[in-house]
Amino acid sequence: MRRRRNLPLCWTSTTAIPSPVSPSTPVCGRKNRGPVHLDVFADALANSRNPVCYNGDLRTVGEVRALEGRFPEVTHVMIGRGLVADPALARKLRGGKGTDREELTDFLAALYQGYTDFYQGQVPTAAQRMREVWFYLIHLFDDAEKLNKQLRRFRTPAEYERIQAEILASCPIRSDVQGDLI
Ligand SMILES: Cc1cc2nc3c(=O)[nH]c(=O)nc-3n(C[C@H](O)[C@H](O)[C@H](O)COP(=O)(O)O)c2cc1C
């Protein structure tokens with residue numbers, strides 16, 4: 001692979017070859033499938049002459065710290081699904097607090113409204129997008145199995161709104177995301 005000099009390299013967990021990205025490119029790689037190959041990443045890192053940004057399967061502060069500990073020469077990480085699963089993760093990485101019901105309620109309302117505006121008032125389409133957000137976000141909640149099943153099956157925006165309200169009212173928020181984000 002030919003590399004342009006001085007571009008940071010972004011490693012995404014399921015690709016065998018690091019992808020060059022511009023410093024302003026927020027996301028690279030492809031949809032995550034399969035396990036992270038840290039041994040292959042270590043090899044690529046050892047042979048890189050450029051700054052390397054790691055991406056793949058980071059869900060918690062502990063996982064980011066472990067990666068930093070194992071690969072101190074990694075200069076950046078990108079987090080995809082982990083940030084959807086825990087919208088406060090970036091703040092927690094800077095020493096800030098985890099999220100709470102009030103903040104999540106406001107955040108989800110703003111997101112739902114944003115999707116509704118984006119889809120020019122098509123609320124059912126906005127609710128579908130929220131279902132995709134909940135595919136990851138549900139991992140931040142305890143005791144949510146029954147409501148998660150309902151989330152996967154709802155048909156109308158009103159049903160989605162009712163299920164979300166019930167999760168926010170009744171399911172304990174975990175300090176860390178749990179489970180595979182697949
Ligand atoms: C729902 C979803 C959509 C994605 N869409 C894109 C995309 O459009 N372009 C892209 O380069 N990567 C895409 N990815 C891959 C992510 O950028 C990232 O490499 C991958 O999710 C691994 O990082 P993560 O474990 O932090 O999520 C997508 C991943 C997911 C889960």
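Me: Which hand does the crossing of helix 5 and helix 6 have?
Reply: A crossing is left-handed if the near helix is turned anticlockwise from the far one by less than a right angle, and right-handed if clockwise. Here the crossing of helix 5 and helix 6 is right-handed. Bear in mind that this is a predicted model, where local features need pLDDT of at least 70 and side-chain atom pairs count only at pLDDT 80 or more, while totals for chains, interfaces and linings use all residues. Numbering runs from 1 along each chain as its sequence is written.

Me: At what angle do helix 5 and helix 6 pack?
Reply: Axes are lines fitted to C-alpha atoms, for helices over the stretch in contact, and angles run from 0 to 180 degrees between N-to-C directions. Helix 5 (residues 101-118) and helix 6 (residues 123-137) pack at about 135°, and their axes are 8 Å apart. That makes helix 5 oblique to helix 6 (under 35 degrees is roughly parallel, over 145 roughly antiparallel, 65 to 115 roughly perpendicular, the rest oblique).

Me: Which residues in helix 5 and helix 6 meet?
Reply: A contact puts two C-beta atoms, placed from the backbone, within 7 Å. From helix 5 come L111, Y112, Y115 and T116; from helix 6, V123, A126, R129, M130 and V133. By class, this contact has 7 nonpolar, 1 polar and 1 charged residues (Ala, Val, Leu, Ile, Met, Phe, Trp, Tyr, Cys and Pro are nonpolar; Asp, Glu, Lys and Arg charged; the others, Gly among them, polar).

Me: Does A165 count as buried or exposed?
Reply: Buried takes 20 or more other C-beta atoms within 10 Å, exposed 12 or fewer, partly exposed in between. A165, in helix 8, has 12 C-beta neighbours inside 10 Å, so A165 counts as exposed. Its C-alpha atom is separated by 8.3 Å from that of T105, 60 residues apart along the chain.

Me: How many residues of the protein count as buried?
Reply: Of the 182 residues, 23% do.

Key. Helices (H or I, at least four residues) and strands (E, at least two) are DSSP runs, numbered from the N terminus.
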